[in-house]
Amino acid sequence: MNLFSNVLKFVSKNSTEPSIQRVSKTGIDLSQLIEKVICELKSKKRLYDISLSYLESGKAVMALTPEESLDILMVALVRLGNRRHKQADNWGIDRYEFAGEEAIIRGVLKRSLPYTRDHILLMLKVLSEAKTLSTYQFPIAPIVKATEIFYSDSNEDMEAKKLLEKIAENIHKTSEGRADERRLADRVLRILSSDGNAVIPISMGEAWGDQAVKDIQSFDESIQLAWSDLFKTCQNTKPSKPSKKWIKEAQTSLDKIGRENFVKYTTTWFSLLDKPRTITLTRRNEFKTDLNLVFNDSNADLIKGLVWCCSIEESSEIASALTKVGIISFKKIPGVGAKSTRIGNAVIYALSAMPGRSGLYQLAVLKIKVKYRHAISLLEKSLAAAAEREGFSVDELAEMGVPSFGLDDVGLGEEVLGDFTALLTVSGFNSIDLTWRKEDGKIQKTVPSLVKENFGAELKELKGNIKDIKSMLSIQKERLENLFLIANIWDFDTWKDRYINHPLVGVFARKLIWMFEDGDNKCLAIFEDDLFKNVSGDDVSEIVKESKVSLWHPISSSVEEIRAWRERLYTLELTQPFKQAHREVYLLTDAERTTNTYSNRFASHVIKQHQFNALASTRGWHYTLQGAWDGGYDDICSIRLDQYNLYAQFWVNTIGEYGNDTSESGIFLYVSSDQVRFYEVRPDMNGLNDANINRDQPIPLEQVPALVFSEIFRDVDLFVGICSVGNDPEWSDGGPDGRYSNYWHEFSFGDLSASAQTRKEIFKYLVPKLKIGSQCKFIDKFLVVEGKRRIYKIHLGSGNILMEPNNQYLCIVTDSKKHTMDKGVFLPFEGDKTLSMILSKAVLLAADDKIKDPLINAQIDHR
């Protein structure tokens with residue numbers, strides 16, 4: 001049965017079927033007339049912008065009576081629908097037939113015709129049954145217009161309403177985010193809706209939207225209408241920021257909804273923005289954007305509008321939720337860029353415009369967390385303007401805005417739930433414990449069943465709070481490490497309040513060494529047992545309380561003092577949040593004095609470009625992936641050091657050729673490292689002279705402040721050390737065509753870098769304390785482990801392994817998230833994954849008689 005028959009069956013039995021005739025009352029064969037239009041089109045060279053008035057047969061169509069026009073409209077539409085019902089795309093479609101039928105439909109629909117309800121239902125039925133529905137395949141807009149006119153004074157037709165809802169859904173599914181089509185879908189939804197009916201123009205298939213529709217449908221009718229009005233306002237978000245009129249309209253709806261309800265539901269919906277789609281979309285081909293990874297275009301406008309609404313009143317809860325929305329929005333999507341810059345930019349606006357300081361504090365957090373290049377400058381400008389308005393520096397805003405998350409003391413929080421008290425203990429980045437104290441004082445680790453039964457919502461909120469704490473710890477850890485280059489100085493009381501005594505920041509600050517200066521007197525101390533103690537363990541609290549405070553960097557101390565502090569950390573078994581006492585110090589070499597304006601210390605390494613790009617971004621450097629296109633070969637990794645009026649460059653060069661050495665999108669997989677240089681930032685004309693008027697000249701390395709030099713070189717060493725292919729066990733064959741075999745072996749088993757030297761020192765302290773200590777010793781650049789079957793030499797830089805007696809390579813690919821080392825092993829700092837990986841390999845190989853992995857055993861047994 002064809003579609004035409006299906007359509008006629010659809011029409012209500014209680015109504016008169018439309019008088020669809022293939023031959024008019026005047027004897028005109030309408031089907032034959034359509035064929036004449038198609039045949040005449042075949043003589044034309046172009047098939048776009050077709051008008052019936054250009055064709056002799058088309059003029060005959062336009063000369064038909066209104067009743068005959070209705071008949072030919074129905075015939076042409078059903079012909080087109082029959083084909084579209086079977087065909088999901090344009091392949092195999094006779095383009096002349098399609099063009100002729102569409103021209104007739106569009107031309108006839110321009111006329112004022114005596115439609116009956118059944119004519120309208122038939123047109124809607126044809127559209128609703130198409131496998132895919134877009135303006136490229138159907139003349140949807142004129143049919144929608146005819147339907148709007150027909151139902152202009154009615155909203156009671158449920159049959160038509162169901163068809164319209166299906167049409168809108170199908171348009172959204174196949175529109176691929178095109179703005180014209182999603183606006184058309186919104187028009188369709190509004191046809192049978194009056195001011196008394198709520199319309200929520202959300203495209204279904206996204207977790208947040210599905211939940212929003214579900215929530216709104218559960219509200220009273222008046223509240224539904226208020227949300228409907230708010231969403232209508234939210235659809236109009238073309239400008240970069242809302243107008244006063246827009247704010248006024250939104251405020252009217254918000255007053256009806258209630259501020260508390262708005263905060264409650266929008267924060268819930270925002271929390272679902274990073275969830276997978278509930279309706280998976282089919283990717284047409286590999287060259288098309290994967291629409292499952294981005295927001296539906298119509299929904300993105302709605303989210304942007306909701307974000308704007310968040311700026312109207314201050315709310316710390318909303319501000320925190322917006323930060324997460326910003327992070328999600330600026331997340332990079334392959335082949336796209338940011339997931340949604342329009343939403344991300346709206347978040348920056350909302351946090352900046354929100355009354356009070358909650359938004360500004362979260363803006364400072366967002367600046368640390370977001371690495372999307374094009375967002376960073378906007379964040380910096382917004383923060384600078386906000387800080388100036390409030391009378392603080394940007395760094396002060398970042399310090400003052402760290403929430404406590406309900407913690408009562410540094411790293412400690414309590415919440416009573418019935419007969420139990422939840423005890424939250426935060427002792428480090430990976431050490432967040434939730435335990436439960438009974439009324440008798442006994443502690444249990446598992447969640448009490450009574451709490452699960454009676455306090456489900458509170459328990460969910462508590463677990464969400466733990467997740468937020470972990471995320472904020474990551475942000476604060478990065479912010480604190482950035483203080484080395486920022487070189488802030490505080491008065492003692494301000495510093496103690498914002499760092500040592502802050503419920504969250506204090507978890508890290510109390511594990512760091514601080515420098516106290518009072519005139520010419522300097523003292524280093526760490527917070528221990530509620531006192532400030534020096535490297536000898538002496539109480540210096542009275543001495544330092546009138547001092548200026550800064551974060552200590554080992555470059556300002558002697559080797560002996562650094563070593564003493566390291567020993568102190570070992571004695572206290574204190575794990576620092578990042579390398580401080582063990583931080584590598586990079587000094588200018590004689591070779592660099594000779595080259596003067598550049599360093600080749602880290603040149604000629606083969607590094608994985610995508611990994612390098614991601615790591616550089618986390619360290620605050622700016623870099624654009626290089627690819628095989630015009631201009632795609634020329635980019636330099638750089639970082640601004642505004643406090644010193646400098647910027648640093650790390651040069652890298654692409655390796656290979658298009659196809660063999662690039663990704664599907666043309667991005668080079670590998671780059672080679674080159675020079676490191678420093679340049680002056682010239683804030684005004686005073687920095688310009690005859691020598692640099694045409695081109696920036698690198699400054700001599702000796703003019704770079706020692707701390708800046710050391711920190712920049714540490715970053716570059718990190719890029720090379722982590723991203724080099726020499727770290728990858730699977731590259732032991734030399735990579736593509738064995739081209740890098742020599743490089744791999746030289747890097748994998750070559751001289752130790754500064755970070756590897758630090759690692760060796762730590763191993764010498766740690767390994768003797770382990771169960772495997774008697775099986776281990778250190779020779780040159782190796783940790784040597786004596787197993788039951790063979791002797792293994794683990795390189796302390798790369799972690800790669802050679803086996804005695806013949807230096808046979810042993811390939812062990814470890815999961816970086818899973819280590820077999822004992823959890824109780826003390827490490828003096830967090831963050832060195834290579835250190836943990838080497839320890840896990842040592843533990844594994846010390847008991848090589850118990851290894852079950854057949855691939856590892858086959859290598860060990862092979863002689």
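In this predicted model, Cys 309 has a relative accessibility of 0% and therefore counts as buried. Cys 523, at 18% relative accessibility, also counts as buried, because the limit for that class is under 20%. The cysteine sulfur closest to that of Cys 309 belongs to Cys 234, and the two atoms are 4.2 Å apart, which is too far for a bond. A disulfide would require the sulfur atoms to lie within 2.5 Å. Across the whole structure, the search finds zero disulfides.

Burial also marks strand E4, which spans residues 420–428. Seven of the nine residues in E4 are buried, so that the strand is mostly covered. On one side of the pairing, strand E3 (residues 412–417) runs antiparallel to E4 and is joined to it by six bridges. Two residues lie between E3 and E4 in their hairpin, where Gly 418 adopts a positive phi near 70°. E4 also pairs with strand E5 (residues 431–437), again in the antiparallel sense, over seven bridges. This pair too forms a hairpin with two residues between the strands. Thr 421 of E4 stands opposite Val 416 and also opposite Arg 437 in E5.

Helix H21 supplies the largest share, seven residues.

Conventions:
Residues are numbered from 1 along each chain as its sequence is written. This is a predicted model: local features need pLDDT of at least 70, side-chain atom pairs count only at pLDDT 80 or more; totals for chains, interfaces and linings use all residues. Side-chain values use heavy atoms; hydrogens and water are left out. Helices (H or I, at least four residues) and strands (E, at least two) are DSSP runs, numbered from the N terminus. Buried means under 20% relative accessible area, exposed over 50%, partly exposed in between (1.4 Å probe, protein chains only). Two strands pair if DSSP finds at least two bridges between them.
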